[in-house]
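I opened a new page for this structure. My plan is to go through it a piece at a time and note what I look up.

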Amino acid sequence: TEADSIVLISAGVGITPMVSISRYLTERSWPGDIFFIHACRTPADFIFGNEIAALGLRNPKLHVAVTMSKPEGTDWKGPRGRITREWLVQTVPDISSRRIHLCGPAVMMDATRDLL
């Protein structure tokens, strides 16, 4: 309630609590913007992809951005590579003024903290 937006950044199985948060906020018609940022290796590793898409249809305030580090040999057309400062700034307007939550492997969380 104290924030007017939230940024959820995850990698790998760190997506699980971020989906839960997104689901909860959507079900409660939370009025803030939700920026759902996720990194994984391949489209097959994008667990909850269908649920995230369905939540996006229900909640116009849910902004989803996914990057794949190893999409070769798939039909992935989205961003490629790991999370970078440039990509975050392009994806989330005024990111430095927003509440940010991280979940994923320790290495990813440390690297993302350094970017922020």
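**Cysteines**

I began with Cys40, which is buried, at a relative accessible area of 7%. I keep in mind that this is a predicted model. A disulfide would need the two sulfur atoms within 2.5 Å. I looked from the other end too: Cys103 is in no disulfide, and its nearest cysteine sulfur is that of Cys40. My disulfide count is therefore zero. Cys103 is partly exposed, because its relative accessible area is 22%, and buried means under 20%.

**Helix 1**

Next I checked the length of helix 1, residues 15–27. Its 13 residues should span 18 Å at 1.5 Å a residue. The end C-alpha atoms are 18 Å apart, so the two values agree.

Which residues of helix 1 are buried? I found Ile15, Met18, Val19, Ser22, Leu25 and Thr26. They sit on the same side of helix 1, because their arc around the axis is only 135 degrees. I then looked for what covers these buried residues. The cover includes strand 1 (5–11), strand 2 (33–40), helix 2 (49–58), strand 3 (62–68) and strand 4 (99–103). After helix 1 comes Ser29, with a positive phi near 50 degrees.

**Cores**

In soluble globular proteins, nonpolar side chains tend to be buried together. I went looking for such groups here. The largest nonpolar core holds 17 residues. Ile6, Leu8, Ile34, Phe36, Phe46 and Met68 have the most contacts inside it. Strand 1, helix 1, strand 2, helix 2 and strand 3 each give two or more residues to this core. Helix 1 gives the most, with four residues.

Beyond its neighbours within four places in sequence, Met68 is in contact with Cys40, Arg41, Thr42, Pro43, Phe46, Trp76, Pro79, Arg80 and Gly81. Another core, of 13 residues, lies apart from the largest one. Among its residues are Ile9, Ile37, Ala39 and Met108.

**Ser5**

My last stop was Ser5, in strand 1. Is Ser5 buried or exposed? Ser5 counts as buried, because its relative accessibility is 3%. Its side chain makes a polar contact with the side chain of Arg98, at 2.9 Å. Leaving out residues up to four places away in sequence, Ser5 touches Trp30, Asp33, Arg98 and Arg99.

Terms used
Residues are numbered from 1 along each chain as its sequence is written. This is a predicted model: local features need pLDDT of at least 70, side-chain atom pairs count only at pLDDT 80 or more; totals for chains, interfaces and linings use all residues. Side-chain values use heavy atoms; hydrogens and water are left out. Buried means under 20% relative accessible area, exposed over 50%, partly exposed in between (1.4 Å probe, protein chains only). The expected span of a helix is 1.5 Å times one less than its number of residues. The arc is that of the directions from the helix axis to the C-beta atoms. Contact means heavy atoms within 4.5 Å. A nonpolar core is a set of buried Ala, Val, Leu, Ile, Met, Phe, Trp, Tyr and Cys residues joined through side-chain atoms within 4.5 Å. A polar contact is a pair of N or O atoms within 3.5 Å; within protein, one must be able to donate a hydrogen and the other to accept it, and residues adjacent in sequence count only if both atoms are side-chain atoms.
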